[in-house]
Amino acid sequence: MRRAMIPGIINLQAFECAARHENFSRAAEELNLTQGAISRQIAELEQQTGLRLFERIKRRVVLSDAGQKLLPEVRQLLVQSERLMIGAVAAGTMSSSLRIATLPTFGAKWLVPKLGRFIADHSDVAICVESRSSPFSFAEENFDMAIHFGQPTWAGATATFLCNETVLPVASPAFQERTRAATNDPFCSAQLLHLTTRPKLWSDWSAHHGIPIPRAYQGPRFDQFSMIISAAVAGLGVALLPTYLAEDELASGTLAPFVPLSMQTENAYYIVCPEQKRTLGLAVEFQEWLLREINRSNSITALGPNIS
């Protein structure tokens, strides 16, 4: 790492603030500095980068093309720096910390509602849960573990099997009533809801059960299961959902099986730990807790009832 190329955080703050206000004086007021100090900090950054970051137009300063390209990354770096310090302060009074990456809907619908039981037994642990939709580099993001769906492969990490996935067609009672009133064939006129990252899921289900679906690839598409659940509850169509995600809706009656035929998908859920942290005591405890939570859930078997 070349220290000469590491910018000063104060200079980056001055640059971001001046860019936002398009005025050095207002930036100075916000940062409680003099206008001269802001000018010096911007000049230092320009000298370090070799770029002209602002164009001076009368009493305003406007970002140059180079400044416009730099600004988003500077803002991201400042946010990350602030988050780092807040996290350090939050963990300062705790004996240890645990940072977990999870799939967004898995986290919201399954993990977080159960997390209180782990927190109750580990009140001195600073826990941070963040959503990630795809694999990332543990070397670049300092997570202690991740919940992964797919195959047990992750560069620089070990994967432990958590559970399989069972999907089931579900829809709102009102949608089912309208659809069945129109035809005896439930899939003849039913609109299907799709997950963008799994475009063949309905086709695979159709082939698995030998049930022809005329429009297996047609219908609204969403990039998260949480949105598909909302769409199904709103009566927009039939959703092919992992049953663990629809537990609450099935129990309350806001969703019901469209046909009682489930399918276990070819992929599964895994707990992934970076190689250097796989024996970390707290990470091992959390992994064991996750496995117990899967086993103790009476309403699911492999994250869903075997309805088929």
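His-148 is buried, with a relative accessible area of 9%; buried means under 20%, exposed over 50% and partly exposed in between, with a 1.4 Å probe and protein chains only. The model is predicted, so to speak of local features a pLDDT of at least 70 is needed, side-chain atom pairs count only at pLDDT 80 or more, and totals for chains, interfaces and linings use all residues. Residues are numbered from 1 along each chain as its sequence is written, and side-chain values use heavy atoms, with hydrogens and water left out.

**Around His-148**

- You can find His-148 in strand S5, residues 145-150; strands (E, at least two residues) and helices (H or I, at least four) are DSSP runs numbered from the N terminus.
- The His-148 side chain comes to 3.0 Å from the backbone oxygen of Gln-151.
- Beyond residues up to four places away in sequence, His-148 touches Leu-103, Pro-135, Thr-153, Trp-154, Ala-268, Tyr-269, Tyr-270 and Val-272, where a contact means heavy atoms within 4.5 Å.

**Aromatic pairs**

- The structure holds 20 aromatic pairs; rings of Phe, Tyr and Trp (its six-membered ring) pair if their centres lie within 6.5 Å, and planes under 30 degrees apart count as stacked, over 60 as edge-to-face and the rest as tilted.
- Phe-187 and Trp-202 form an edge-to-face pair, because their ring centres are 5.9 Å apart and their planes stand at 70 degrees.
- Phe-187 sits in the loop between helix H6 (173-182) and S7, while Trp-202 sits in helix H7, so this pair ties together parts that are 15 residues apart in sequence.
- Phe-187 is buried at a relative accessible area of 3%, and Trp-202 is buried at 1%.
- Tyr-244 and Tyr-269 also make an edge-to-face pair, because their ring centres are 5.6 Å apart and their planes are at 85 degrees.
- That pair links distant parts of the chain, 25 residues apart: Tyr-244 is in the loop between S9 and helix H9 (247-252), and Tyr-269 is in strand S11 (residues 263-274).
- Tyr-244 and Tyr-269 are both buried.
- Ring pairs join Phe-106, Trp-110, Phe-149, Tyr-244 and Tyr-269 into a cluster.

**Empty space inside**

- Rolling a probe the size of a water molecule over the atoms shows where empty space is left.
- On a 1 Å grid over the protein atoms alone, a cavity is a set of points where a 1.4 Å probe fits but cannot get out; a pocket is an open set with protein on both sides within 12 Å along at least five of seven lines, and lining residues have an atom within 4 Å of a point.
- There is one cavity of 30 Å³ or more, and the largest cavity has a volume of about 70 Å³, a volume being the space filled by probe spheres set on grid points joined across faces, edges and corners.
- Among the residues lining the largest cavity are Leu-193, His-194, Arg-198, Trp-202 and Phe-225.
- Strand S7 (192-195), helix H7 (201-209), helix H8 (225-233) and strand S9 (238-242) each give at least two residues to that lining.
- The lining of the largest cavity has nine nonpolar, one polar and one charged residues; Ala, Val, Leu, Ile, Met, Phe, Trp, Tyr, Cys and Pro count as nonpolar, Asp, Glu, Lys and Arg as charged, and the others, Gly among them, as polar.
- The second largest pocket has a volume of about 440 Å³.
- In the lining of the second largest pocket, S5 supplies the largest share, four residues.

How values were computed
A polar contact is a pair of N or O atoms within 3.5 Å; within protein, one must be able to donate a hydrogen and the other to accept it, and residues adjacent in sequence count only if both atoms are side-chain atoms.
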